[in-house]
Structures are given as structure tokens and as C-alpha cells.
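Me: Could you walk me through this model, one question at a time?

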Amino acid sequence: MIPTYGETFGKWRAAAGETWPAYTHHAFVEGLRDGTLPRAAFLHYLVQDYIFLIHFSRAWALAVTKAETIEEMRLCAATVNALIDDEITLHIGICTEAGISLDDLAKAEERTENLAYTRYVLDAGHSGDFLDLLAALAPCVMGYGEIGARLAAEAGETPYADWIATYAGKDYQSACQAVAGLLDGAVARRLGNDPETNPRWDALCKRFRTATQLEVGFWDMGLRP
């Protein structure tokens, strides 16, 4: 069953069209599900995702400064803490077990697909407002939640069970619901109760779709270690 993450995300997800399943059902994702993903590809992805999460944490920290209310600031700050204390720590642990040291992670070269995605998100925050930034951030947060939930229900024996369990787990799914509430509240506060009639709506849908396309590119990169 596909999780429901609020009204705004559902509308943006639908507006992304075929780009969304291209991301959430990518060959890399299906390789995680059935265990056919080469270990080298997975470890290469983890190293790049470690770099990605550093920039993603910075983007959520930027969201704190773009927020208008204390509650918005609190939710964004909590997401920063979860990224640094949980997700990044998870990546370091898995890489360490595979013989990739923290020094190796620090020296890793950032792939161009990673640069394109992370800098797009950061630029959305620096050049736009809170909604621009959230639209660029949402595909990663909710997409991984959706992928984790689906793979947990469908996957059999796979060496990537721990990765799947992380994103299907209660903590991550709760974080997705919190961000969904943040999105719905932020949109209602700024665009009103009928946001789809607002002149900004189409641009926000496009920003969400572009970030989703960059997620597809990130998976493509993962298959090319």
C-alpha cells in the first residue's frame, strides 16, 4: 500500500506524471527489492548519498531561516537533526562495515549528478521562498518513504533489508508525516485554501517535478559506479 502523505504532496506527486514512477520504480530501486543490485553499485550510491545528505541538511537548515512561524522553524530544525544524527550516521556505519572509512567518505569525489541535484535544491531556497524550497525538498523525503514502505511489503530475501527497514520504519515514516503536515500548513498559509487556483501553483508543481527528475538521475548515477 502506498502511504498517504497529506494533500499537497499527493497533488504534486500526481502533477509529476510519469516522472514519479520513473523515480520510485527505478531499476536501482527494483535491484534493492529483489537483491540483484550489485554490491559495488550500492556502496558507490551510499558514498554519493553521504555527500548528498550533507547538502540536504544545509538545505533544511536554510528552510529554518525561510520559515515564517516558530512551528515551521521547529519542524525544519527537527529534520536537520534527524538527517545528521540518524541518516548520515547510518551511512557512515554501513560504509565502515564495508571497509569505507570516514576519511574515504570525506575524500570522495562528488559526481556531476549529485552536484546538479543538491545545488538545484539549495538554489531553490536561496533564490526562492519557503514554498520553492519545500517543493524541491519533498521528492526526496516522501519518495524514500514511499519506496521504503513498498519494498518492505514486496521484498523477499535481499541483502538490502536493513536499508529498506530504515525507510519503512516507524521513525522515518513519522518524519514523512511531519513534513507532509508542514507542506500542507505552509501552502495554506501562503496560497490560501484553494492553492491550485493561485498563480504560483504551476511553478511549484514544475519545481517538484524537476527535483523528481534529478532523483531519477541520481539513481542512474548509482548504476554507474
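Reply: One term before we start: a contact, or a touch, means heavy atoms within 4.5 Å. The model is predicted, so local features need pLDDT of at least 70 and side-chain atom pairs count only at pLDDT 80 or more, while totals for chains, interfaces and linings use all residues. Residues are numbered from 1 along each chain as its sequence is written, and side-chain values use heavy atoms, with hydrogens and water left out.

Me: Thanks! How many helices and strands does the protein have?
Reply: Helices (H or I, at least four residues) and strands (E, at least two) are DSSP runs, numbered from the N terminus. Along the sequence, the pattern reads α-α-α-α-α-α-α-α-α-α-α. The count is 11 helices and 0 strands.

Me: What is the radius of gyration of the protein?
Reply: This radius is taken over C-alpha atoms, and the globule rule is 2.2 Å times the number of residues to the power 0.38. For 225 residues that rule gives 17 Å, and the protein comes close to it, so it is as compact as a globular protein of that length. Its C-alpha atoms fill a box of roughly 50 × 35 × 30 Å along the principal axes. The radius of gyration is 17 Å.

Me: What share of the residues is buried?
Reply: Buried means under 20% relative accessible area, exposed over 50%, and partly exposed in between (1.4 Å probe, protein chains only). Among the 225 residues of the protein, the buried share is 51%.

Me: How far apart are the end C-alpha atoms of helix 4?
Reply: The expected span of a helix is 1.5 Å times one less than its number of residues. Helix 4 covers residues 39-66, and its 28 residues should therefore span 40 Å.

Me: How many residues of helix 4 are buried?
Reply: This helix is mostly covered. Of its 28 residues, the number buried is 21.

Me: Is W60 buried or exposed?
Reply: W60 lies in helix 4. Leaving out residues up to four places away in sequence, W60 touches C76, T79, V80, L83, L134, L137, V141, V179 and L182. Because its relative accessibility is 0%, W60 counts as buried.

Me: Which residues does R150 touch, not counting those up to four places away in sequence?
Reply: R150 sits in helix 8, which runs over residues 130-154. With 11% relative accessibility, R150 counts as buried. The residues it touches are T24, H25, V29, E30 and R33.

Me: Which residues are in contact with E196, leaving aside its neighbours within four places in sequence?
Reply: E196 lies in the loop between helix 10 (170-191) and helix 11 (201-222), and at 43% relative accessibility E196 counts as partly exposed. E196 and K11 are 185 residues apart in sequence, yet their C-alpha atoms are 9.2 Å apart in space. The contacts of E196 are K11 and W201.

Me: What separates the C-alpha atoms of D104 and V47?
Reply: D104 is part of helix 6, residues 102-107. Its relative accessibility is 37%, so D104 counts as partly exposed. D104 and V47 are 57 residues apart along the chain, and their C-alpha atoms are separated by 8.8 Å.

Me: Which residues does R190 touch, not counting those up to four places away in sequence?
Reply: R190 is found in helix 10. R190 and C176 are 14 residues apart in sequence and 21 Å apart in space, C-alpha to C-alpha. The residues that R190 touches are K66, A67, E68, E72, F130 and L131.

Me: One last thing: what share of the contacts with a separation of 6 or more comes from residues 24 or more positions apart?
Reply: Across the protein, among contacts with a separation of 6 or more, residues 24 or more positions apart account for 82%.
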